[in-house]
Amino acid sequence: MSDTTAITPFSETTLLRFARGNRLQYDRVREQWFIQAPERAFIADPNAAEVLQLIDGKRTLGAITDKLHQKFNAPREVILRDTLRLTQELADKQVLTVV
């Protein structure tokens, strides 16, 4: 039996928040960001941390991309591609959820 539930890929208009029980936290001792989740944790590299700090349930992925583009002056399409990939992976792991 095949699964007929299709997950829509994220786009610039996608609005995300951390799923219940998941949060972004800064470890002052190790000087790094990590995601605290039930019974697991994910260390966020500096690029991922920049994206994750902007996820608030109010900004779309397009708005997050624009903000990062302004901050780092990197090509917008590269930032968008990386942001979409990161957020989709974390949603697949049930860390992020669509608002």
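Reply: In this predicted model, the largest nonpolar core has 23 residues, and Phe18, Ile35, Leu52, Ile55, Ile64 and Leu90 touch the most other members. Strands E1 (16-18), E3 (32-37) and E4 (40-44) and helices H1 (46-52), H2 and H3 each supply at least two residues of this core.

Me: Which residues does Leu52 touch, not counting residues up to four places away in sequence?

Reply: Leu52 touches Phe18, Leu24, Ile35, Ala44 and Leu90.

Me: Why is H2 called oblique to H3?

Reply: Helix H2 (residues 61-72) and helix H3 (residues 76-92) pack at about 130°, with axes 9 Å apart. Angles over 145 degrees count as roughly antiparallel and those from 65 to 115 as roughly perpendicular, so H2 is oblique to H3. Their crossing is right-handed.

Me: What kinds of residues make up the contact of H2 with H3?

Reply: Leu61, Gly62, Thr65, Asp66, Leu68 and His69 in H2 meet Arg76, Ile79, Leu80, Thr83, Leu84 and Thr87 in H3. These residues divide into 5 nonpolar, 5 polar and 2 charged.

Me: Why does Glu31 count as exposed?

Reply: Exposed means over 50% relative accessible area; Glu31 has 60% relative accessibility and therefore counts as exposed. Glu31 lies in the loop between strand E2 (23-27) and E3, and its phi is near 55°, a positive value in a residue other than glycine.

Methods: Residues are numbered from 1 along each chain as its sequence is written. This is a predicted model: local features need pLDDT of at least 70, side-chain atom pairs count only at pLDDT 80 or more; totals for chains, interfaces and linings use all residues. Side-chain values use heavy atoms; hydrogens and water are left out. Axes are lines fitted to C-alpha atoms, for helices over the stretch in contact, and angles run from 0 to 180 degrees between N-to-C directions. Helices (H or I, at least four residues) and strands (E, at least two) are DSSP runs, numbered from the N terminus. Angles under 35 degrees count as roughly parallel, over 145 as roughly antiparallel, 65 to 115 as roughly perpendicular and the rest as oblique. A crossing is left-handed if the near helix is turned anticlockwise from the far one by less than a right angle, and right-handed if clockwise. Contact means heavy atoms within 4.5 Å. Ala, Val, Leu, Ile, Met, Phe, Trp, Tyr, Cys and Pro count as nonpolar, Asp, Glu, Lys and Arg as charged, and the others, Gly among them, as polar. A nonpolar core is a set of buried Ala, Val, Leu, Ile, Met, Phe, Trp, Tyr and Cys residues joined through side-chain atoms within 4.5 Å. Buried means under 20% relative accessible area, exposed over 50%, partly exposed in between (1.4 Å probe, protein chains only).
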